[in-house]
There are 2 protein chains.
Amino acid sequence: MTHDIKIVTEAELRGVVGLDLDAVDVVERAFTALAGGDVVMPPILSMDLPAANGEVDVKTAYIPGFDGFAIKVSPGFFDNPKLGLPSLNGLMILFSAKTGMVQALFLDNGYLTDLRTAAAGAVAARHLAPEVVDTAGVIGTGVQARLQMKAAHLVRPFKTLLVWGRDAAKAQACADDLAADLGVDVRVMDDPSKLVSLSQLVVTTTPAREPVLKAEWLHKGLHITAMGSDQDGKNEIDPRALAVADLYVADRVSQTELLGELRSAKQAGQWMHGLPAELGNVITGDAPGRRSEDDITIADLTGTGAQDTAIASHVFAMLKGSDAGTVIHA
Amino acid sequence: MTHDIKIVTEAELRGVVGLDLDAVDVVERAFTALAGGDVVMPPILSMDLPAANGEVDVKTAYIPGFDGFAIKVSPGFFDNPKLGLPSLNGLMILFSAKTGMVQALFLDNGYLTDLRTAAAGAVAARHLAPEVVDTAGVIGTGVQARLQMKAAHLVRPFKTLLVWGRDAAKAQACADDLAADLGVDVRVMDDPSKLVSLSQLVVTTTPAREPVLKAEWLHKGLHITAMGSDQDGKNEIDPRALAVADLYVADRVSQTELLGELRSAKQAGQWMHGLPAELGNVITGDAPGRRSEDDITIADLTGTGAQDTAIASHVFAMLKGSDAGTVIHA
């Protein structure tokens with residue numbers, strides 16, 4: 001028995017879905033569901049391919065209440081730039097949550113991952129950042145630096161944006177792009193400690209293996225979202241920062257303790273608060289969030305299959321009534 | 001940067017690739033590679049979905065010497081027949097082993113899995129069955145019962161084929177199909193013990209959770225391939241049979257001890273031979289195979305990601321020069 005499968009390319013997806021509050025809301029639903037305990041989210045399937053200087057991750061999650069579930073395959077092949085190809089690509093497959101039939105293939109080359117990662121940053125900012133954020137800062141100058149700031153601006157419409165990166169030219173390019181996109185005052189900083197001291201919201205978006213944000217830079221009324229660490233060995237935030245912050249929140253503890261900032265803090269002997277809260281529990285109110293405007297809070301985002309299911313479902317809904325994509329009878 | 005991705009449906013695949021010695025040979029190459037130790041084959045990602053009476057497995061393997069690697073997603077949703085839909089479906093994605101770029105999507109609904117599973121049966125028979133097989137028997141009456149016998153006939157051209165199943169009508173239908181396909185004498189048996197006693201090669205193809213083949217039925221010069229067990233709880237072969245056979249061979253020990261007949265034998269305290277041989281090691285000669293025509297041998301096949309990579313690569317090669325499929329620029 002054949003059925004219709006919708007196949008949608010990156011270019012078509014970019015025409016249909018972008019980073020907006022609807023995307024943030026659907027990703028927030030995924031975190032809320034994670035808190036409920038009925039989500040089925042197996043450990044990430046991770047395949048290291050040293051012979052090809054590559055790696056492949058597979059993530060998935062089944063979320064009750066969503067009509068479909070996504071399986072996402074993310075290859076990273078780090079010799080590709082020598083061939084003029086991007087290092088990262090991949091696709092998402094959306095299955096019916098009722099029948100397991102393939103509903104759609106999103107040949108997104110990581111675009112939907114970019115969106116759902118940025119949306120998670122907005123969810124963290126919405127529930128953890130101070131109510132008023134005049135100045136936001138981003139450490140890092142890549143695609144996520146831009147998207148995280150756009151996402152944060154949706155929920156905390158800051159007036160000033162500070163950018164720091166190791167490469168001043170890239171930092172300037174990122175600042176220029178964000179100034180054009182957000183219409184706010186954007187400045188490139190020459191010192192990340194100054195960026196942190198002036199900001200109420202800071203997002204770190206780097207692949208750092210040594211902390212780029214020091215514990216001694218923390219100050220009252222600061223929220224930090226660290227979204228760069230997604231594997232063993234990466235570390236953006238000084239382990240001691242997790243010890244001294246008023247609140248640390250994981251996207252998923254089972255992931256952050258292996259892949260995120262929690263791993264580094266535990267390894268450094270700086271974690272002594274027991275089982276951390278998860279973002280979903282803060283959203284539902286099951287775990288305390290920020291208690292005052294003075295609190296220092298840290299969100300540690302490693303990226304969950306639940307976000308993939310959320311964004312894929314969101315895109316599929318948006319595609320209804322659109323003629324984007326190719327339909328295959330399979 | 002866009003590139004071409006070939007999308008091929010089950011119907012198109014059926015027109016291009018079938019069960020033949022080329023398919024057997026490419027799957028044998030995968031087993032040989034597994035023995036070499038350079039294959040990267042992560043544990044199966046398995047997601048149980050009790051709320052939907054479903055499950056999803058993801059398998060993959062990177063095999064040096066193959067241009068691509070496959071990721072296979074196999075959903076099983078067991079309420080589907082109530083909706084007039086098949087329980088099993090799924091797809092394979094073929095990636096470049098050099099760049100990680102998606103090369104092809106095979107919307108095969110499990111057809112390629114059927115082929116590579118049958119091909120593995122032929123590989124086991126080729127390397128473990130007695131040189132002369134006059135009579136082959138199959139326990140089970142489904143798709144794999146048919147394909148396993150066709151595969152076995154490619155490497156051991158038996159003259160008589162015996163079929164047993166719990167449902168006599170299904171057994172007769174299976175026998176009729178195989179008689180037409182293979183042009184051999186096919187008989188439905190009313191007693192599986194008689195089937196085993198008359199056969200030199202027996203394949204079990206059932207989802208049994210209690211053994212369908214008893215240890216006391218074993219006789220000199222018998223080879224058994226058990227391919228039905230692929231998860232904890234399934235068990236086709238009397239655990240004691242593994243203890244008394246001259247040789248037990250796993251497709252992959254790390255899988256058969258969790259999902260296959262080895263699991264049941266270990267659980268029953270019937271396994272005391274240490275680390276079992278794997279099929280690849282028998283093929284390469286690193287592990288002893290059948291030592292005489294009198295030996296009793298058992299092959300335990302749970303299905304490996306290496307087979308998926310092999311069959312997907314085989315199909316991709318066969319598609320070159322064919323106009324089957326739809327090309328998407330993504």
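Outside the four places on either side of it in sequence, B:Ala287 is in contact with B:Ala277, B:Asn281 and B:Val282. The model is predicted. Two topics follow: the surroundings of B:Ala287, and an open sheet of seven strands in chain A.

**B:Ala287**

- B:Ala287 lies in a loop of chain B, with α10 (279–284) on one side and β14 (297–300) on the other.
- B:Ala287 counts as buried because its relative accessibility is 13%, and buried means under 20%.
- Between the C-alpha atoms of B:Ala287 and B:Gly68 there are 28 Å, and the two residues are 219 residues apart along the chain.

**The sheet of chain A**

- The seven strands of this open sheet follow the order β2-β3-β4-β5-β6-β1-β15 in chain A, with mixed pairing.
- At the edges are β2 (45–49) and β15 (326–329) of chain A, each of which pairs on one side only.
- On average, and with direction ignored, neighbouring strands of the sheet are turned by 15 degrees against each other.

**Strands β1 and β15 of chain A**

- Strand β1 (residues 4–9) of chain A runs antiparallel to β15(A), and four bridges join the two.
- A:Asp4 has A:His329 in β15(A) as its bridge partner.

**The helix on the sheet**

- Helix α11 (residues 305–319) of chain A packs on the sheet.
- The strands of chain A that α11 touches are β1, β3 (54–61), β4 (68–77), β5 (91–96) and β6 (102–107).
- The direction of α11 makes about 115 degrees with that of β4(A).

Notes: Residues are numbered from 1 along each chain as its sequence is written. Chains are lettered from A and ligands numbered from 1 in the order in which they are written. This is a predicted model: local features need pLDDT of at least 70, side-chain atom pairs count only at pLDDT 80 or more; totals for chains, interfaces and linings use all residues. Side-chain values use heavy atoms; hydrogens and water are left out. Buried means under 20% relative accessible area, exposed over 50%, partly exposed in between (1.4 Å probe, protein chains only). Contact means heavy atoms within 4.5 Å. Two strands pair if DSSP finds at least two bridges between them. Axes are lines fitted to C-alpha atoms, for helices over the stretch in contact, and angles run from 0 to 180 degrees between N-to-C directions.
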